[in-house]
Every structure is written in structure tokens, then in C-alpha cells.
Amino acid sequence: MNDDPFLAVAIEEAEISLRDGGIPIGSVLVIDDQIVARGHNRRVQQGSAILHAEMDCLEKAGRLHAKDYARATLYSTLSPCDMCSGAALLYKIPRIVVGENQTFQGPEEYLGERGVKLTILDDSRCIALMRQFIQERPALWNEDIGVD
């Protein structure tokens with residue numbers, strides 16, 4: 001378990017998604033040690049193809065300036081997928097903190113090659129949340145990551 005307060009907020013978001021019938025992944029955008037936005041996976045709840053936690057969080061942050069993104073850290077309870085990693089690269093977010101990457105691993109090596117500082121926390125709460133969800137709802141999980 002990790003005591004990072006921003007990861008704790010991302011976990012709260014993941015739990016909100018789970019309670020609402022969605023996929024338990026949460027995200028927080030932090031600039032200058034302040035939470036700018038928080039979000040969670042809302043694909044199920046909104047019938048959306050793209051509302052992964054990180055995308056929901058960035059959408060809720062609204063329009064920011066490049067200088068703001070340059071000071072940002074994106075927290076996610078799970079390793080970001082290709083789509084979410086691409087959004088972080090597009091806006092040049094320099095740091096991503098990941099709760100866990102054991103149940104799913106996005107393009108972490110590519111992010112590193114592009115200059116993103118990636119911190120993997122291996123948080124036991126994040127791991128347990130995803131493992132239980134994947135066990136209970138494998139079809140929904142596979143839909144979320146584009147697997148048949």
C-alpha cells in the first residue's frame with residue numbers, strides 16, 4: 001500500500017466507477033501539487049467508446065495552456081492504455097504515476113522513450129480492485145481493452 005494522497009483520490013474515483021456499474025479505474029491531474037481534475041472510467045455509464053479514466057479526467061480539466069500541462073502529473077490507478085498514453089503525449093504531460101501495472105500494462109516503454117517520467121507504485125489496493133473486477137466481469141474488462 002502507498003500513502004500518496006493523489007493516488008488515494010484516484011482510488012476514490014475508481015471506487016465511484018465501480019459503485020456506478022463501471023470499470024474501477026480512476027485518474028487525477030495534478031499541477032503544482034494541486035488537483036486540477038479528477039475522473040474515472042465512464043465508458044459503461046455514458047455508453048462511450050473513449051471515456052477511460054484518464055480521458056475523463058483530462059476532459060474535466062478543460063482547456064489548459066501548454067505551460068500548465070508542462071507542470072502536470074497524471075495519476076492513474078492502472079497503467080494507461082495506448083489511447084490515454086497518446087493523450088498524455090499530445091499535451092506533453094511530463095510525469096505519469098501509475099497505481100499498478102500487473103493486471104494491465106500499457107505502452108510504458110514507449111512513454112519513457114518519449115521522455116515521460118513513469119512511476120509505478122504497485123499499490124496493493126489498485127491491484128486487488130482490478131483483480132477482483134476482472135474475475136467478476138471478464139467480458140466487460142475485455143471490452144474495455146479491446147479484446148474479444
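Predicted model: local features only at pLDDT ≥ 70, side-chain atom pairs only at ≥ 80, totals over all residues.

I began with the lining of the largest cavity, sorted by class: seven residues are nonpolar, three polar and two charged. Ala, Val, Leu, Ile, Met, Phe, Trp, Tyr, Cys and Pro count as nonpolar, Asp, Glu, Lys and Arg as charged, and the others, Gly among them, as polar.

Residues are numbered from 1 along each chain as its sequence is written, and side-chain values use heavy atoms, without hydrogens and water.

I then looked up the cavity count and found one of 30 Å³ or more. A cavity is a set of points on a 1 Å grid over the protein atoms alone where a 1.4 Å probe fits but cannot get out, and lining residues have an atom within 4 Å of a point. The volume of the largest is about 80 Å³, meaning the space filled by probe spheres set on the points, joined across faces, edges and corners. Among its lining residues I noted His-52, Glu-54, Trp-141 and Asp-144. Helix α8 (residues 138-145) gives the largest share, three residues; helices are DSSP runs of H or I, at least four residues, and strands of E, at least two.

Next I turned to the sheet, which is open and mixed, with five strands in the order β2-β1-β3-β4-β5. Strands β2 (34-40) and β5 (117-120) are at the edges with a single partner strand each, so one side of each has no neighbour in the sheet. I also noted that β4 (residues 95-98) pairs with β5 in the parallel sense over four bridges; pairing needs at least two DSSP bridges. Opposite Val-97 I found Thr-119 in β5.

Technical notes
1 Å grid on protein atoms, 1.4 Å probe; cavity = no way out; pocket = protein on both sides within 12 Å on 5 of 7 lines; lining within 4 Å.
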